[in-house]
Amino acid sequence: MRTSLVLLACVGFVQSLGRVPLSRLPSVRSRLRAANQLDEFLREHQPDVFSRRYAQCYPATQHYLRMGGRSTERLYNFMDAQFFGQISLGKPEQNFTVVFDTGSTDLWVPSSYCVSQACAMHHKFKAFESSTYGHDGRVFGIHYGSGHLLGVMAREELKVGSVTVQNQVFGEAVYEPGFAFVLAQFDGVLGLGFPQLAEELGSPVFDTMIAQGLLDEPVFSFYLKNNGSSFGGELLFGGVDETRFVSPINWIPVTQKGYWQIRLDVVKVQGALSFCYRSTQGCQAVVDTGTSLIGGPARDVLLLQQFIGATPTAVGEYLVDCVRISSLPVVSFLINNVEYSLTGEQYIRRETLNNKEICFSGFQSIDVPSPVGPVWILGDVFLSQFYSIYDRGHNQVGLAHLSEKSYDQQ
């Protein structure tokens with residue numbers, strides 16, 4: 001681990017770090033399932049309905065509303081999002097609950113002028129109430145699986161934890177596609193990916209923090225706690241919390257800027273089945289706090305599901321007999337020559353429906369097309385078992401095992 005990070009933690013400059021408590025709430029998918037509405041929802045809300053219906057309305061010369069191009073939307077799975085934190089915009093402060101997402105780069109919240117049903121269910125930014133609001137006027141679009149999110153750009157004072165950012169570019173959403181946003185327990189998204197991934201024009205939040213000298217280190221770190229309680233962990237801007245993990249930190253170089261993309265040497269299932277081994281280059285993986293599950297190429301994940309004895313449902317999920325969890329095989333990810341192993345208790349999601357426990361596989365098929373894919377997606381099922389550090393100064397990701405204090409934290 002770099003000396004600067006050690007000193008940062010040891011000398012106790014706690015006040016210079018921006019701490020953001022995270023809460024963990026039931027996902028949209030879980031809420032729909034509990035209400036016996038999941039099957040109907042998935043049948044009736046097909047992707048890209050808005051995009052197909054109004055494609056002719058998009059300005060043909062504008063790159064930000066292109067129908068093809070990058071596959072950013074493939075990494076969004078807000079039906080399963082569970083970890084949220086709070087930010088504020090403007091003076092006086094207007095509070096919003098957001099997903100802190102390393103799989104995207106833009107910041108957006110609903111506008112008071114939004115015409116979507118989703119916006120009516122969430123906090124909306126009221127520009128006319130803020131004394132620090134700066135009008136921008138440019139428009140933006142972000143392509144999700146359910147269509148395009150459309151909005152206008154603005155500048156405003158942003159507060160994230162104890163860090164106050166001046167003149168931050170953000171998006172005011174005036175149209176939010178897909179019924180999933182209506183049920184979501186968050187207002188917007190704060191992306192923490194590289195600038196190359198941005199759809200909005202202007203400096204992303206973390207880049208602005210660095211440029212304004214607000215952080216001791218160009219680093220942020222996540223502690224995610226998937227323990228069934230509402231406590232979801234913590235996001236720390238400017239350094240790490242050494243009480244949360246045990247050394248050493250495994251520093252993995254970013255292979256391509258955009259997502260936090262790294263090399264994955266091999267995926268092994270109880271040593272009897274492995275993926276990526278055919279290639280001397282291994283596989284590519286994206287470390288993504290905005291994705292709940294662990295994703296991978298469909299062919300590989302299907303074999304993995306079969307190996308752990310998971311059976312498919314009509315809505316694309318995979319069920320496992322709960323009594324078998326303790327005997328399930330260990331799934332290991334070899335990253336930079338360090339093995340990260342998950343037991344059945346760690347990669348199986350438990351839910352209670354009608355007083356009956358149901359167990360779901362934490363793996364899902366995600367076929368990301370080239371040039372980004374194929375890739376594995378290390379989402380929250382993986383990240384909740386380790387402390388993860390994102391270092392923009394050296395373009396690397398750090399992974400470390402959790403400390404006993406973190407395991408005991410409720």
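A disulfide is taken here as a pair of cysteine sulfur atoms within 2.5 Å. The model is a predicted one, in which local features need pLDDT of at least 70 and side-chain atom pairs count only at pLDDT 80 or more, while totals for chains, interfaces and linings use all residues. Residues are numbered from 1 along each chain as its sequence is written, and side-chain values use heavy atoms, with hydrogens and water left out.

**The disulfides**

By the sulfur rule, there are 3 disulfides. With the bonded cysteines of the protein chain numbered in sequence order, they pair as 1-2, 3-4, 5-6.

Select Cys-114 and Cys-119, whose sulfur atoms are joined at 2.0 Å. The link is right-handed, with 65° about the S-S bond. A residue is called buried under 20% relative accessible area, exposed over 50% and partly exposed in between (1.4 Å probe, protein chains only). Cys-114 counts as buried because its relative accessibility is 14%; Cys-119, at 0%, is buried as well.

Next, select Cys-276 and Cys-283, a disulfide with its sulfur atoms 1.8 Å apart. This link of Cys-276 and Cys-283 is left-handed, at -110° about the S-S bond. Both cysteines are buried.

Then move to Cys-322 and Cys-359, which form a disulfide with 2.1 Å between the sulfur atoms. Its torsion about the S-S bond is about 115°, so the link is right-handed. Cys-322 lies in the loop between β19 (318-319) and β20, and Cys-359 in strand β23 (residues 356-361), so the pair ties together parts that are 37 residues apart in sequence. Cys-322 and Cys-359 are both buried.

**The sheet and its helix**

Helices (H or I, at least four residues) and strands (E, at least two) are DSSP runs, numbered from the N terminus. Two strands pair if DSSP finds at least two bridges between them.

In what order do the 4 strands of the open sheet lie? The order is β15-β14-β20-β21, with antiparallel pairing. Colour β15 (273-275) and β21 (338-342), the edge strands, each of which pairs on one side only. Neighbouring strands are turned by 20° against each other on average, direction ignored; axes are lines fitted to C-alpha atoms, for helices over the stretch in contact, and angles run from 0 to 180 degrees between N-to-C directions.

Now select β14 (residues 266-269) and β20 (residues 331-335), antiparallel strands joined by 4 bridges. Lys-268 has Ser-332 in β20 as its bridge partner.

Finally, select helix α8 (residues 298-307), which packs on the sheet and touches β14, β15 and β20; contact means heavy atoms within 4.5 Å. The direction of α8 makes about 160° with that of β15.
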